[in-house]
Amino acid sequence: MRIRSIIFLLAILLFLGPFASAARLGHRTGLPYQEAGLTQRQAAAILLDRFAFGARPGEIDRVVAQGLENWLEEQLSGNRPEHELVGRLAPLKTLTLSSREIATAYPGPGTVRAQAIREGVISRNDPPTDRAETRQKLQAFAQRKGYRPQRELTEELMTQKLLRGVYSENRLTEVLADFWYNHFNVSITNNRARPFVLSYERDAIRPHVLGHFRALLHATAKHPAMLLYLDNAQSTASNGTMTTMSQTTKRRGGMRRGEESQTKEEPPKGRPSQRGINENYARELMELHTLGVDGGYTQQDVIEVARVFTGWTVLLPGPRGERLQKHLSRANGLGFAGDGDFLFRADTHDATQKIILGETFPPGGGMEEGERVLDILARHPATARHIATKLAVRFVSDRPAASLVDRLTQQFQETAGDLRALVRAIATSPEFWQEAARRSKIKSPFELVTSALRALQADVEQPRPVIEWVTRMGQPLYAYQAPTGYPDRAEAWVNTGSLLNRMNFGLHLAAGRIPGIVFDLPTLNRGREPESVEAALETYAALVLPERDLTETLRLLTPVARDLAFAQKVDKAARRETEVSPEAPSVLQDQSTGVAADDERPSAPVREGSTVTMPTPLAHVVGVILGAPEFQRR
Amino acid sequence: MWTRRAFLKAGGIALFAAGFGGSPAFLRRAAAASTQPGLAPRRKVLVTVFQRGAMDGLMAVPPFTDPMLPKLRPRLAMTAARSAGEGALTDLNGHFGLHPALTPVVPLFREERLAIVHGVGSPDPTRSHFDAQDYMETGTPGRKGTPSGWLNRAVGQLGHEGSPWRAVAVTSALPRSLYGDAPALAVANLEEFGVRPAGGKELARVASQSFEDLYQQTSADLLRRTAHESFEAVKLLSRPEITRYRPAKGAEYPRTPLGRSLRQIAQLIKAEAGLEVGFAESGGWDTHVQQGTTTGSFARQAQDLARAITAFWTDLERHQDDVVLLTMTEFGRSVRENGSGGTDHGRASCLFVLGNPVEGGRVYGTVPSLAPDALEEGRDLPVTTDFRGVFSEVAGKHLGIARDEILFPGWAGARFRLLRA
């Protein structure tokens, strides 16, 4: 009996062998899409929609061939080679410069002017900078010094983001960099922070998005961009408060020299003009970066945390920074510490006792107090829940199920904020795959643009015009002024103005009216021409929106496509009435090159009645698909 | 020769017959009785102008009888003496004068529609433009994390159905003042609002109609609702008050960004598109260098401001009763002129409030003697009126908002009386 059942079991195992191993493999990360009634291809499309900026043509096939779980694991490793991207980024000058080199090469206009006055190039009594003669002098001066305009820096910053979004092989890393930058938002609208934003994303965000939360927290806390943006660089012990340095000198003086001699210790000069604590970083650290607004801290905790971070500041380039550095080298042993641009100033750090969230920080502490606060905050249960909620909102739905948030919270606590484990936990959650979550997120303008460029397999020759569309649709890159970052919910992205611009974006992109973006619609369909408007619609909707249920979209789009094709004939005929326009492709059938011909010439602004090549009906159909409700969702 | 319209009527149908079966939706609709978009009910309108860069309140509205002024500002102080002719200040009340470049607004002041509040500023002493603007726009001095702007919260308190054009910034990006949950639009140019494909007019009309149909039938709720509002907004713009807009007689807007912004805000108001909160801005007030007196960088900006505001007011015509305009700037400038013939970042400045409900013709607020011991830190005009007192008075009374704690969370001060109840 027993033997028989064992044999029976063995037989079953043998028979199911190949399937069982696949099941085991699936269980490693166990993506439960089948339970949600999805095919492998549909699941691949969802992965590419959420963990990448949308699918490229043929990409679903590749992900399925690789295996969904393997694809995700490879993305979690973040080390796919970047052949194409490297070449695309190569012309950018700033990406490899240190933040100090950037700040030196791209000084703000105020800094240039002050230096020009110091060096006698212009005088204080010259007319203001907006007058031509002064401007010319300053430009010549900046050129001699090798300074570059900050506009170039911010343009490269935005360019690299767009190129990475479109071309990076490490899709998940890009999506996460976008998420974590927004979580720890800084803004180029802030003059002081602006030169440091590029290195902030590169050095403080990117290296840690597949690491641990604590490391992100540390890196952002010490980066000049954050220290300047949320004013911690100016936060100092209030007047008369014992500082780390005064305490050290007192102790030493008492032992060696007597109190009156302590002034000979050379305290560094260049003390910030505004004395006193600034609470901004402390407050946002708890409210936005870690605990969340209802995370259980008080205003007193904000003040105490601000006191802990007094003296955490920036060593800026320029004469003042150089003077400070010189003094620092002589202030050995007084508790100062430097690390790149970061500077801990023992002479402005409040060294008296603090009590934070019930924990006592005894008097006499220095820089390590800040690290201890970051530790406390990173392992606080409120932080786990806050981060879990934000991740669930980003990757699953604007209103995520409590069960999902609970699971992610637990995962955060069990793994001490392992960000990779959190992504895995999301992908293995049934909530991620459920019907309710599907297509429930509205793409941000950046997601819309990158996913459209990917869907059309577009060549980004010149990124600036398309980046302007991202701005027009309501997401100026790196320029959200508030430390909250862009709100991550549909209502924030979809308002009357931005929605119309989404439609316009679709039409302009497909018609080849966004300069610098080149693609070829017929090639997408392997050069085959659709036989009719309806066929074009069906073919291209499936190409641009792979693996989606397109019944509704096609039903709605068919009359639209007809109207468009028809209107086009009307316009063209109207044009022939008044002028002879250059050879314009007229209907689907008589075009052989699609919009490629349009793309070759940079498009001029379109003026009514001027001789302009009409966009082809095919381009219009694709434009409408890109502007349609379905393409706005992921 | 055929007119374009005639062609569309005849030739269009012919083409259609040759091309497709079934009648295109847009022609059916065109044939149906054209319905005018419904007018929004007339509402009170608050228009704010942010003067970015920090306007020198002591040059705009100088206390010219203070003997310290010419001492501290040897190159910048001006006189109200008639002997100075065109370059003289307008004597407003025997103590305060008005910069000659602001002369266009003098009649509004004399008619008691324009009030000036002096010594206005923020309790937060920051001298950073970025921070001070941020604090003024969020309405929470000292707090950067406030997610919304005070104007957006004001919109949220209006308490009635709003038009898609309810809250509009005529700027390229949404200003911090309008960040928040209430729908708000940033439109740099009304002419570019709508569905505008490359190609012909007909194509644009059809594309627009197509998207409207498409979004009307989508199952995604938010997209459907918002699209509906968007196309309503577009239709409101198709009203002749917008498309064939000519400013009222005598309203000559300066050809400057501010002039263009206020002109478009006037367009929206006169088209009765439902505007309730309008936002415009003007730059160039950061006069560190060669500020000038009757001419120079300050005078240029001041003239732009005065001409834009007066043109706007004239242009409003019968809508004047509905509108109050409020200017604001992040801080004032140092009382003492600097070594470059300019002024540096200071504390208090002044602001202007224009409208028929305003008890105008007066300079409100407290400006102490400019003797150094009366100044903040011995150098700056002290803030004697919290900007929130003025903003809550103007927005509260004019728009009928009772809850100041929503507009300015954490503030328990009193409104600064300026408007008739």
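Predicted model: local features only at pLDDT ≥ 70, side-chain atom pairs only at ≥ 80, totals over all residues.
Reader: Why is the contact between Asp178(A) and Arg394(A) called a salt bridge?

Author: The side chains of Asp178(A) and Arg394(A) meet at 2.9 Å, N to O, and the rule asks for a side-chain nitrogen of Lys or Arg within 4 Å of a carboxyl oxygen of Asp or Glu, so the pair qualifies. Asp178(A) belongs to helix α10 (residues 171-183) of chain A and Arg394(A) to helix α19 (residues 381-395) of chain A, so the bridge ties together parts that are 216 residues apart in sequence.

Reader: Are these two partners, Asp178(A) and Arg394(A), buried or exposed?

Author: Buried means under 20% relative accessible area; Asp178(A), with 10%, is therefore buried, and Arg394(A), at 8%, counts as buried too.

Reader: What makes the pair Asp181(B) and Arg489(A) a link that joins two chains?

Author: Their side chains meet in a salt bridge of 2.6 Å, N to O. Asp181(B) lies in the loop between β5 (167-169) and β6 (185-186) of chain B, while Arg489(A) lies in the loop between α24 (464-472) and α25 (490-493) of chain A, so the pair joins two chains. With exposed meaning over 50%, Asp181(B) counts as exposed at 67% relative accessibility, whereas Arg489(A), at 31%, counts as partly exposed.

Reader: How do you know that Lys145(A) and Glu119(A) form a salt bridge, and where in the chain do they lie?

Author: The side chains of Lys145(A) and Glu119(A) come to 3.0 Å, N to O, and the limit is 4 Å, so the contact counts. The pair links distant parts of the chain, 26 residues apart, with Lys145(A) in helix α8 (residues 132-145) of chain A and Glu119(A) in the loop between α7 (109-118) and α8 of chain A. Lys145(A) is partly exposed, with a relative accessible area of 35%, and Glu119(A) is likewise partly exposed, with 42%.

Reader: What makes Asp66(B) a buried charge with no salt bridge?

Author: Asp66(B), in the loop between α3 (57-60) and α4 (68-72) of chain B, is buried, and the nearest side chain of opposite charge, Lys71(B), is 7.6 Å away. The side chain of Asp66(B) does have a polar atom 2.7 Å from the backbone nitrogen of Met68(B), and a polar contact requires N or O atoms within 3.5 Å, so that distance falls inside the limit.

Reader: Why is helix α31 of chain A described as largely enclosed by the rest of the structure?

Author: Eleven of the eleven residues of helix α31 (residues 617-627) are buried, so the description follows from the count. Among them are Pro617(A), His620(A), Ile625(A) and Gly627(A).

Reader: What share of chain B is buried, and how many helices and strands does that chain have?

Author: Of the 421 residues in chain B, 60% are buried, and the chain has 14 helices and eleven strands.

Definitions and conventions. Residues numbered from 1 in each chain as written. Chains lettered and ligands numbered in written order. Heavy atoms only, no water. Helix = DSSP H or I, 4+ residues; strand = E, 2+ residues; numbered from the N terminus. Buried < 20%, exposed > 50% of the residue type's maximum accessible area, 1.4 Å probe, protein only. Lys, Arg positive; Asp, Glu negative; His and termini not counted. Polar contact = N/O pair within 3.5 Å; in protein donor to acceptor, adjacent residues only side chain to side chain.
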